[in-house]
Amino acid sequence: MTRSYWNESTQNLTTLIQLLQSNPFFNHSDDTSNALYSFISNLNTLFHNFKRTIQDESSLLTIITSAQQYFEDSGDKILVAKTSLIHIEHIYYKINPLYSISIDELSRKIYLNGTA
């Protein structure tokens, strides 16, 4: 993945989130939320696959934080949980694979119990 592709992708996603948050004519639909989460998830995968820089991680974290707010505003607890876990992945370093749990599994636990 080239630097220009990464920069263009992050800029487009940032613009999309800003449009969704600032325009009252956009509904908080499941399709919109799921598509936004899918973009974020794919960008996160690309980040890990191509060993991007700290600067790239910073832009990814900004996008993730904005999307979390959008999902909170729309009341989508599952996507808030999933996006929060991606955020946590970038803040905390995981050393032991025994502690790994799938994002879907942890999201369900958080949604059902209010805590992991």
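**Ground rules.** I am working with a predicted model, in which local features need pLDDT of at least 70 and side-chain atom pairs count only at pLDDT 80 or more, while totals for chains, interfaces and linings use all residues. Residues are numbered from 1 along each chain as its sequence is written, and side-chain values use heavy atoms, with hydrogens and water left out.

**Salt bridge.** I searched the whole structure for salt bridges (a side-chain nitrogen of Lys or Arg within 4 Å of a carboxyl oxygen of Asp or Glu) and found 1. Arg3 is joined to Asp56, with 2.6 Å between the closest N and O atoms. This pair links distant parts of the chain, since Arg3 sits in helix 1 and Asp56 in helix 3 (residues 54–74), 53 residues apart; helices here are DSSP runs of H or I with at least four residues, numbered from the N terminus. I then looked up burial, where buried means under 20% relative accessible area, exposed over 50%, and partly exposed in between, with a 1.4 Å probe and protein chains only. Arg3 is partly exposed because its relative accessible area is 37%, whereas Asp56, at 1%, counts as buried.

**Aromatic pairs.** I noted 2 aromatic pairs in the structure, a pair being rings of Phe, Tyr and Trp (its six-membered ring) with centres within 6.5 Å, called stacked if the planes are under 30 degrees apart, edge-to-face if over 60, and tilted for the rest. One of them is Trp6 with Phe47, a tilted pair at 6.1 Å centre to centre and 45° between the planes.

**Surface patch.** Which residues form a nonpolar patch on the surface? I found Ile88, Ile91 and Tyr92, with about 320 Å² of accessible area together; patch residues have over 30% relative accessible area and no salt bridge, with like charges joined within 9 Å and nonpolar side chains (Val, Leu, Ile, Met, Phe, Trp, Tyr) within 5 Å, and the areas come from the Shrake-Rupley method with a 1.4 Å probe, only the protein chains shown counting as cover for residues. Tyr92 lies in the loop between helix 4 (77–91) and helix 5 (103–113), and Tyr92 counts as exposed because its relative accessibility is 57%.

How values were computed: Helix = DSSP H or I, 4+ residues; strand = E, 2+ residues; numbered from the N terminus.
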